[in-house]
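Opening the notebook on a new model today.

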Amino acid sequence: DTICQNNSTTLNANGASNYLWSPSAGLSCTTCSNPIASPTSTTTYTVIGMANSCSNVATIKITVSPKPTVSIIGNNIICSGQSTNLAANGGSVYSWNTGETTSSIIAVPTTSTTYSVNISNGICSIDTSITVIVNPLPLATISGATSICSGQTATLNASGGGTYAWNNGVTSNSISISPSASTSYSVTVANAYGCTNTASANINVTPMPVALVSPDATICSGKTVSLNASGGTTYLWSSGQITPGIMVSPAINTTYSVIVANGNCKDTASTTVSVNPNPIAATSGNIIIYQGQSTTLSASGGGNYLWNNGATTTAITVAPSSTTVYCVTVADSNNCTNTACATVSIESPCDTAGVFFFPNAFSPNNDGENDFLKIYYTNMDCIETLHLIIYNRWGGQIYETTNPDFQWDGTYPNNPLNTQVLAYHLMVDF
């Protein structure tokens, strides 16, 4: 019979009433019929059977087959996501707890896991196992700017491990970068278990704008000038406007700056608008004339003059038939202009003829004072029609005239009336 090392087998004897086994080593008893044999090496056991004073002898050879010397080799410490090759040896037949029957298997555990295998040499088999420890990966991260302007420098910071290896050769956790074009940066982070993980960051490089603005300009006070910027996609003027072109009308010399941007990339340009004062235009001359008269108007304040009647001289002589406004545009050496106007009014002699007066008493006594009844008015030509009728106290008409230059001496018809209270009716059209 054959058994495996460290195993046992039961020996069976029969046909006698008493038994004696030898050698005794490895037997559970020497006088029983069915001793348990546990030899450490191949052994031949002899049993003497006795019955009725008779005896007989039998032998059995127990061959002890050595157990296979088995082992599992392979990396038993891995990082999460890795695999390991576990190879068993020492036998000819293998049975893994994963169900595989090859001598080696590829293990990809997600957590620490024990792998066992039964190894047999055809007679003896033995179980062995190995525990694969799965260490976590570091949590690799990169922080910092993801977009920079051409020519600028940025800092990228890695975290999550104990050691760092960037793809540009730097081994610190932080790197300073200044790429000329959009570039991807990666870092391999290792933890205390020796496990690594990788993180990457794409850095976009935006070209710097070149701000351009209208050249310096000079304007006259009150005028407007257009300023234009270019070179970017957005604009912000110092005046608050956000369009590429703006209209300005400064009162004094003013510098305007504009921030030209491409995204977060910016450049600045400025331009100055100088303001020349306008000339002080003035006119002089008689502005009230009688119809048919003329007057001379003079302008001052500049070097060039243009009247609204087309004249370009400093002074003009005009004789309007009605009230007229004359304006002159005065230009200085900077070609700045200003305008002054004068209104020439036409006045009738009748407008200044004074107050029309008709007395209510006179004394025709030939003393040279107040001897005649008449009207008092500066310009009789201004009276278009006049009709005067004088009545005595009984209503009788004693005098009538339509001549504005009349002078009544108080007689009727040719005789003095002496003291009288009279009534009159006077109608005058001017």
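I started with P23, which sits in the loop between strand 3 and strand 4 (36-37); strands here are DSSP E runs of at least two residues, and helices are H or I runs of at least four, both numbered from the N terminus. The peptide bond from S22 to P23 is cis, with omega near -5°.

Before going on, a note on the source: this is a predicted model, where local features need pLDDT of at least 70, side-chain atom pairs count only at pLDDT 80 or more, and totals for chains, interfaces and linings use all residues. Residues are numbered from 1 along each chain as its sequence is written, and side-chain values use heavy atoms, with hydrogens and water left out.

Next I looked up P413, in the loop between strand 36 (397-401) and strand 37 (423-429). A cis peptide bond joins Y412 to P413, with omega about -20°.

That loop between strand 36 and strand 37 also holds N418. I noted a positive phi of about 55° for N418, although N418 is not a glycine. N418 counts as exposed at 68% relative accessibility (exposed is over 50% relative accessible area, buried under 20%, partly exposed in between, with a 1.4 Å probe and protein chains only).

N335 has a positive phi too, near 65°, and is not a glycine either. N335 lies in the loop between strand 33 (324-331) and strand 34, and is exposed at 58%.

**Two buried residues**

Y377 is in the loop between strand 34 (337-347) and strand 35 (385-391). With a relative accessible area of 14%, Y377 is buried. Leaving out neighbours within four places in sequence, I find Y377 in contact (heavy atoms within 4.5 Å) with C350, A353, G354, V355, F356, C382, I383 and F430.

S65 belongs to strand 6 and is buried at 12% relative accessibility. Residues up to four places away aside, S65 touches T2, I3, C4, Q5, I123 and C124.

**Whole chain**

How many helices and strands does the chain have? I count zero helices and 37 strands. The radius of gyration is 68 Å, well over the 22 Å that the globule rule gives for 430 residues, so the chain is more spread out than a compact globule (the radius is taken over C-alpha atoms, and the rule is 2.2 Å times the number of residues to the power 0.38). Along the principal axes, the C-alpha atoms fill a box of roughly 225 × 60 × 25 Å. Of the 430 residues, 31% count as buried.

**Pockets**

The largest pocket has a volume of about 400 Å³. For my own record, a pocket is an open set of points on a 1 Å grid over the protein atoms alone, where a 1.4 Å probe fits, with protein on both sides within 12 Å along at least five of seven lines; lining residues have an atom within 4 Å of a point. A volume is the space filled by probe spheres set on the points.

Its lining has 18 residues, with N360, A361, F362, Q420 and L422 nearest the centre.

The second largest pocket comes to about 230 Å³ and is lined by 19 residues, A13, N14, Y19, V47 and A58 being nearest its centre. Strand 6 gives the largest share of that lining, seven residues.
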